[in-house]
Amino acid sequence: MSPARGTRTGKTSPTSKSAKKPEKKATKKAVVNKQSTKTRRPTDRSATGHRVDLLEAMLRIRRFEERCVELYSAAEIRGFVHLYIGEEAVAVGVNEALNPEDAVVSTYREHGHALARGIPAEAVMAEMYGRTTGCSGGRGGSMHLFDASRRFYGGNAIVAGGLPLAAGLALADRMRAHPRVTCCFFGDGAFAEGEFHETANLAALWNLPLLLVCENNLYAMGTGIERHEAQTDLAMRTASYGMVAWAVDGMDVEAVEQAARRACEAIRAGAGPHFLELRTYRFRAHSMYDPDRYRDKAEIERWKGRDPITRLMDRMREDGEPADKELAAIERRVTNEIAHAVTAAEEAPEEPVADLLRHVTSASAEVS
Amino acid sequence: MGAGQPQEQKTTYREAMREALREAMRSDDRVFLMGEDVGRYGGCFGVSLGLLEEFGPERVRDTPLSESAFVGAGIGAALAGMRPVVEIMTVNFSLLALDQILNNAATLLHMSGGQLPVPLVIRMTTGAGRQLAAQHSHSLEGWYAHIPGIRVVAPATLEDARHMLAPALADPDPVLIFEHGSLYNASGELAPPAAPVDLDHAAIRRPGTDISLITYGGSLPKTLAAADELAADGIDAEVIDLRTLRPLDDATITASVARTHRAVIIDEAWRTGSLAAEVSARIAERSFYELDAPVERVCSAEVPIPYARQLEEAALPQTSDIVAAAHRAVD
Ligand SMILES: Cc1ncc(C[n+]2csc(CCOP(=O)(O)OP(=O)(O)O)c2C)c(N)n1
């Protein structure tokens, strides 16, 4: 498996090359997006500050999940736990382009999306513990994180199941003329499901303000993309629906942010759905249950060499920013935050079994 | 027209449904209709004919043949504050959207710890009787009634066709409305409503003392006809229209059986694992000592519904089957 094609410098590559002859609309749009977007080099202090923020957001996810590994091994948390380690640049970069009033729809691998969206680590951790203080009141667990106040609509554990829902959120915004974006995350595995294609068609047909974000980590559980897709150029395929589609280096948080910003600006301006294929990799197994027998160790090591966190830090050092002291301060802050989240989750109350039937219907939501 | 008492009006089930949709869209701009051929075609059963002209293509929205995507889009729009009415042509096709209905619509409120109610209405036709063969004739509403987190209703009368939509839209949770295809042409006088339709309670369509005939939807007319025949035989049958298949109104069923001591359940679905099986089990659980005879069930034969007229008729519950079952219970 070769690393993502042609994206090493953090350039976003429109699919116009590969999508030479699809229907007229797609070709036209792809050409519009042909100009390259070089990674921004910070020239002033605020750009440096922004990099520090990106770093902190990625580190929060990384450390949170490393803690999850320990807690899972200690049987403190259970269920299916899907880690995002290695893919942090995607959640953080995309979230930078979103406003609080935008909506996010996610999958079962959503700790990163939830934390990047601003759901407090405490609420996410309490959910892993199944406590009432969890962001889903303990009903959802790792795979079903929700936060209505942040327009975070899960946490969908059916591959591609969140896509139609995201189209509906976008439809409501369109009908109401709200200049908002709905962002939907999903994996490469979703491409084999009809729901992806039904949604892409509907979104393009109705010009919905939808940002489709495919995290192409090259595997659907143990099945490599070349064994589950007849055509592995996902951006090119999506462009054939008549929407703008870019393939982006998903290991470069600044490249992701730039691509997402451009897409969101266009969507807000009424340009309709956009698709980003973010080429990324998960450093860990599919879930905590997975012995990871299907991947070559050398491949994993090769991708770890592109770790989005080290990569950003290296780039910052190259540019002479910021002091290692500042990085140590971030590390301390994040570690404390997560330690506090764990303690709070451990101490949080469990929902009484007498409330088992709450929240089945809105009427039962009040019963208690 | 003008002042004074509202008059009884001649109407059909189809027109009553349409009027309900029109009223809903006029009174709340969050309501919109979406589905295959609901717009230009006028709805594949003609229910939405004329609504496109009145409300425009934004609110009477033709969708591609993508049951999963447009049902899911209805869920998303409901989450974002709209009040979508999604039409699926028939229950058979709804199976392509089952993921969205079960895994999202019915589940989001609970999985989110009460944060995400889904105020969505899904309408679809169900049932046989028009020689449409197996893939357009099944009665699967009982499967949906299996699912916690949704409400399942079946308007069987002109009044319910006209007045069930408003309370369904007022429900903060997903409501599935099953319209039996053989009812659309039913016509009669539509009286002004005495009270809003109560989606929590079954309706006693004909009071009686000798036996409870329990049914819903497209089987109601056949069951009422059976009750007339039984009356001619000196048997006074009570006819209960379940109206809401989930949640079931246990109280009305139990009270009726306590009066009549006999029950026949009429359900166009297959007998095995049917809603009739559920009602029957509940009677056994709650009313066992009230019973003077075994509970009878009149259901469809366990066969994909055939095309040929005589075979289709033989497969479906008919008035004569209901009469025979009642006689077995009473005699
Ligand atoms: C409809 C459906 N089929 C199968 C599964 C089991 N399953 C869970 S995750 C997964 C792989 C999905 O891979 P991908 O979409 O690439 O996302 P990733 O896990 O790589 O983030 C599968 C097959 C499921 N959850 N839903």
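**View 1. Strand E10(B), helix H10(B) and strand E11(B) form a right-handed β-α-β unit.** Helix H10 covers residues 220-232 of chain B. All the views here come from a predicted model. Strand E10 takes in residues 211-215 of chain B, and strand E11 takes in residues 237-241. The two strands, E10(B) and E11(B), pair in the parallel sense over five bridges. Within this pairing, Leu213(B) stands opposite Val239(B) of E11(B).

**View 2. Strand E10(B) also pairs with strand E13(B).** Strand E13 spans residues 263-270 of chain B, and three bridges join it to E10(B). These two strands run parallel. Here the residue of E13(B) that stands opposite Leu213(B) is Val264(B). In a regular strand, side chains alternate between the two faces of the sheet. In E10(B), Ile211(B), Leu213(B) and Thr215(B) point one way, while Ser212(B) and Ile214(B) point the other way. Residues on both sides are buried, and E10(B) is described as mostly covered, with five of its five residues buried.

**View 3. Seven strands of chain B form an open sheet with mixed pairing.** The order of the strands is E3-E2-E4-E5-E7-E6-E12. Strand E3 (60-62) and strand E12 (244-246) are the edge strands, and each of them pairs on one side only. Neighbouring strands of the sheet are turned by 20° against each other on average, direction ignored. Helix H1(B), residues 13-27, packs on this sheet. Helix H1(B) touches strands E2, E3, E4, E5 and E7 of chain B. The direction of H1(B) makes about 130° with that of E2(B).

View 4. Strands of a sheet pair through backbone hydrogen bonds, either parallel or antiparallel. Val152(B) stands opposite Arg246(B), a residue of E12(B).

**View 5. Strand E5(B) pairs with E4(B) and with E7(B).** Strand E5 consists of residues 121-126 of chain B. Five bridges join E4(B) to E5(B), and these strands run parallel. E5(B) and E7(B) pair in the parallel sense too, over six bridges. Arg123(B) can be followed into both neighbours: Glu87(B) has Arg123(B) as its bridge partner in E5(B), and Arg123(B) stands opposite Ile177(B) in E7(B). Both faces of E5(B) are covered. Val121(B), Arg123(B) and Thr125(B) lie on one side, Ile122(B), Met124(B) and Thr126(B) lie on the other, and all are buried. Six of the six residues of E5(B) are thus counted as buried.

**View 6. Helices H3(B) and H5(B) are roughly parallel.** Helix H3 covers residues 67-79 of chain B, and helix H5 covers residues 98-105. Their axes come within 8 Å and cross at roughly 25°. H3(B) therefore counts as roughly parallel to H5(B), because angles under 35 degrees are classed that way. On the H3(B) side, Ser68(B), Val71(B), Gly72(B) and Ile75(B) take part in the contact. They meet Gln100(B), Ile101(B), Asn104(B) and Ala105(B) in H5(B).

**View 7. In chain A, helices H6(A) and H7(A) pack against each other.** H6(A) spans residues 162-176 and H7(A) spans residues 194-205. The helices pack at an angle of about 20°, with their axes 8 Å apart. This angle makes H6(A) roughly parallel to H7(A). The crossing is left-handed. Leu163(A), Pro164(A) and Ala167(A) of H6(A) make the contact with Glu195(A), Phe196(A) and Thr199(A) of H7(A).

**View 8. His144(A) sits in a loop of chain A and is buried.** The loop lies between helix H5 (121-128) and strand E3 (152-156) of chain A. The relative accessible area of His144(A) is 14%, so this residue counts as buried, the cut-off being under 20%. Leaving out residues up to four places away in sequence, His144(A) touches Glu110(A), Ser136(A), Gly155(A) and Ala157(A), and also Met111(B).

View 9. Ala324(B) and Ala226(B) are 98 residues apart along the chain, and their C-alpha atoms are separated by 9.2 Å.

Methods. Residues are numbered from 1 along each chain as its sequence is written. Chains are lettered from A and ligands numbered from 1 in the order in which they are written. This is a predicted model: local features need pLDDT of at least 70, side-chain atom pairs count only at pLDDT 80 or more; totals for chains, interfaces and linings use all residues. Side-chain values use heavy atoms; hydrogens and water are left out. Buried means under 20% relative accessible area, exposed over 50%, partly exposed in between (1.4 Å probe, protein chains only). Helices (H or I, at least four residues) and strands (E, at least two) are DSSP runs, numbered from the N terminus. Two strands pair if DSSP finds at least two bridges between them. A crossover is right-handed if, with the strands pointing away from the viewer, the path from the first strand over the helix to the second runs clockwise. Axes are lines fitted to C-alpha atoms, for helices over the stretch in contact, and angles run from 0 to 180 degrees between N-to-C directions. Angles under 35 degrees count as roughly parallel, over 145 as roughly antiparallel, 65 to 115 as roughly perpendicular and the rest as oblique. A crossing is left-handed if the near helix is turned anticlockwise from the far one by less than a right angle, and right-handed if clockwise. Contact means heavy atoms within 4.5 Å.
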